[in-house]
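Here is a short report for a reader new to this structure. Look over the chain and its fold, then read on.

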Amino acid sequence: MSDLVGISSGAVQAYQRALGVVSNNIANVGTEGYTRQVSDLAATAPRRIGQAFLGTGVEFQAIRRSVDEFIQQNMRNSNSDLAAQSPLVDYANRVV
């Protein structure tokens, strides 16, 4: 019986942290530059009891940002191009 209480309390703690991640995403939905976060939950290793295996619950592993690498790389390239062309624009503005 105490194992069931331990499993359920661990699950409640893991889902509380996951709910905190979701509330953080909701709170920052309009924030410029904010990237959505995802919580990773994983099943813990089962325990052998006699001839059977009994699950031991779930654990909270990590929070990771949900980003698109293609978009991030394009943004880096665009910023690099902008920085490279900035002196040329300054010189052209002086001439004008």
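Arg64 counts as partly exposed, because its relative accessibility is 42%, and partly exposed covers the range between under 20% (buried) and over 50% (exposed). Keep in mind that this is a predicted model.

**A pairing of charges**

Side chains of opposite charge can pair when their charged atoms come close. Here, the side chain of Arg64 meets that of Asp40 in a salt bridge, at 3.0 Å from N to O. The pair links distant parts of the chain, 24 residues apart. Asp40 sits in strand S1 (residues 37-43). Arg64 belongs to strand S4 (residues 58-65). How many salt bridges does a search of the whole structure find? The search finds one.

**Ala62 and its surroundings**

Strand S4 also holds Ala62. Leaving aside neighbours within four places in sequence, Ala62 is in contact with Val38, Ser39 and Asp40. Ala18 lies 44 residues from Ala62 along the chain. The C-alpha atoms of Ala18 and Ala62 are separated by 9.6 Å.

**A nonpolar patch**

Leu19, Val22 and Ile26 make a nonpolar surface patch of about 300 Å². Val22 is found in helix H1 (residues 2-27).

The table lists relative accessibility for residues named above.

| Residue | Relative accessibility | Class |
|---|---|---|
| Val22 | 42% | partly exposed |
| Ala62 | 32% | partly exposed |
| Arg64 | 42% | partly exposed |

Terms used: Residues numbered from 1 in each chain as written. Predicted model: local features only at pLDDT ≥ 70, side-chain atom pairs only at ≥ 80, totals over all residues. Heavy atoms only, no water. Patch = residues over 30% accessible without salt bridge, like charges linked within 9 Å, V, L, I, M, F, W, Y side chains within 5 Å. Areas by Shrake-Rupley, 256 points an atom, 1.4 Å probe, with all protein chains shown as cover. Salt bridge = Lys/Arg side-chain N within 4 Å of Asp/Glu carboxyl O. Helix = DSSP H or I, 4+ residues; strand = E, 2+ residues; numbered from the N terminus. Buried < 20%, exposed > 50% of the residue type's maximum accessible area, 1.4 Å probe, protein only. Contact = heavy atoms within 4.5 Å.
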